[in-house]
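Here's a walk through the fold, one contact at a time. Keep the viewer open and follow along.

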Amino acid sequence: MREICHSDLRGRLMGVRRKQRNGILITFEGVEGSGKTTQLRRLATLLRQDGYRVVETREPGGTVIAERIREVLLSTPGRHPVMEPLTAACEAHLILAARSQHVTHVIEPALQAGSIVLCDRFSDSTFAYQGYGRELDLAALQEMNRLSTNGLEPSLTLLFDVPVATGLMRRRKFAMEQNRLDHETHDFHEKVRKGFLALAARAPRRVKKIDGLPHPETVAVTVAEVVRAFLTKTRTKRLRPVTHTQRLRLHRNR
Ligand code: ATM
């Protein structure tokens with residue numbers, strides 16, 4: 001109880017006001033090549049068929065400014081020979097700056113409108129990549145992250161776990177999509193994977209670990225089971241279903 005009062009007071013001191021959120025934020029996490037993006041798209045289709053309003057988004061990115069920050073963060077030095085190396089602290093600040101834009105302009109409004117927001121990476125990626133991978137201070141990252149998210153945390157996180165070697169091999173098949181972080185060492189990606197697993201162990205109710213090795217069809221079945229069970233158990237009444245007319249319109253626009 002004292003803990004809650006303390007953080008609430010700190011929130012007010014930082015100018016953070018708690019907002020009424022009707023929707024649900026579900027985040028997709030994992031090392032590169034874990035298959036999370038494919039699964040996010042499939043789940044979005046499924047949930048829309050179930051009648052939910054769904055917003056698909058990603059980090060870093062999701063707004064015009066955040067997408068510009070993404071370009072800076074992920075461009076490989078080879079493409080910009082005069083670009084100086086990005087420091088770990090600069091990388092963290094850029095990611096958190098992009099998150100602030102994304103939370104304020106996309107995620108919060110969607111949650112207030114009663115949507116299910118499916119986000120490809122969120123705070124856990126910062127703790128895994130910048131905390132465990134780059135070895136920046138985790139407590140400092142958590143504090144800074146709170147400022148960017150206004151205290152918003154996912155209701156459910158799906159962590160797609162694959163061995164690093166498998167993930168990187170899958171990524172290399174799509175050489176055009178290689179980004180600056182893909183060129184990090186195997187050891188770096190191992191630290192990131194360990195970070196994700198440690199975060200999952202610390203928050204077992206929120207983070208559901210899913211084996212990312214089987215065929216995507218098989219993984220999708222597991223994802224659907226986990227998410228439907230979660231939605232049945234939680235605040236589905238607060239989610240605003242899409243009306244029949246809206247559904248027809250959405251269908252036509254696709
Ligand atoms: P995707 O390839 O999943 O879109 O992610 C882009 C990169 O952003 C990913 N790099 N690799 N390889 C991880 C990185 N990233 C962070 O380092 N910290 C973060 O907080 C986020 C959201 C992404």
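Let's begin with a pair of helices: α5 (residues 123-133) packs against α6 (residues 138-149) at an angle of about 150 degrees, and their axes lie 10 Å apart. The cut-off for roughly antiparallel is over 145 degrees, so α5 and α6 are roughly antiparallel to each other. As for who touches whom, α5 brings S123, T126, F127, Q130 and G131, while α6 brings L138, L141, N145 and T149. Sorted by class, the contact of α5 with α6 holds three nonpolar and six polar residues, with no charged ones. The crossing of α5 over α6 is right-handed.

One thing to keep in mind while you look around: this is a predicted model.

Helix α5 has another partner, α8 (residues 186-202), and here the packing angle is about 130 degrees with the axes 8 Å apart. That makes α5 oblique to α8. From α5, the residues D124, F127, A128, Y129, G131, Y132 and G133 meet F188, K191, V192, K194, G195, F196 and L199 of α8. By class, that contact of α5 with α8 comes out at eight nonpolar, three polar and three charged residues. The crossing of α5 and α8 is right-handed.

Now move over to α2 and α9 (residues 216-233), whose axes come within 10 Å and cross at roughly 55 degrees. The two helices α2 and α9 are therefore oblique to each other. On the α2 side you'll find T38, Q39, R42, L43 and L46, and these meet P216, V219, A220, V223, A224 and V227 in α9. The residues of the contact of α2 with α9 split into eight nonpolar, two polar and one charged. Helix α2 passes α9 in a right-handed crossing.

Here are the helix pairs side by side:

| Helix pair | Angle | Axes | Crossing |
|---|---|---|---|
| α5 and α6 | about 150 degrees | 10 Å apart | right-handed |
| α5 and α8 | about 130 degrees | 8 Å apart | right-handed |
| α2 and α9 | roughly 55 degrees | within 10 Å | right-handed |

**The sheet**

Next, the strands. Five of them form an open sheet in the order β2-β3-β1-β4-β5, with parallel pairing. At the edges sit β2 (54-58) and β5 (207-211), each of which pairs on one side only. From one strand to the next, the twist averages 20 degrees.

Strand β4 (residues 156-161) pairs with β5 in the parallel sense over five bridges, and L159 stands opposite K209 in β5. Strands β1 and β4 also pair in the parallel sense over five bridges, with T27 opposite T157 in β4.

What lies across the sheet? Helix α2 (residues 36-49) lies across β1 (24-30), β2, β3 (116-120) and β4, and runs at about 170 degrees to β3. Helix α4 (residues 88-112) packs on the sheet as well, where it touches β1, β2 and β3, and its direction makes about 155 degrees with that of β3.

**The ligand site**

Which residues are closest to the ligand? They are E59, S125, T126, Y129 and L181, out of 14 residues that surround the ligand. Helix α5 turns up again here, as the largest share of the shell around the ligand, four residues, comes from α5. By class, the shell has five nonpolar, four polar and five charged residues.

Two spots in the backbone deserve a look. Most residues other than glycine have a negative phi, and most peptide bonds are trans. Against that background, a cis peptide bond joins E59 and P60, with omega of about -15 degrees. Look for R121 in the loop between β3 and α5.

Key. Residues numbered from 1 in each chain as written. Predicted model: local features only at pLDDT ≥ 70, side-chain atom pairs only at ≥ 80, totals over all residues. Pairing = 2+ DSSP bridges. Axes fitted to C-alpha atoms, helices over the stretch in contact; angles between N-to-C directions. Contact = placed C-beta atoms within 7 Å. Parallel < 35°, antiparallel > 145°, perpendicular 65-115°, else oblique. Left-handed = near helix turned anticlockwise from the far one by under 90°. Nonpolar A, V, L, I, M, F, W, Y, C, P; charged D, E, K, R; others polar. Near = placed C-beta within 6 Å.
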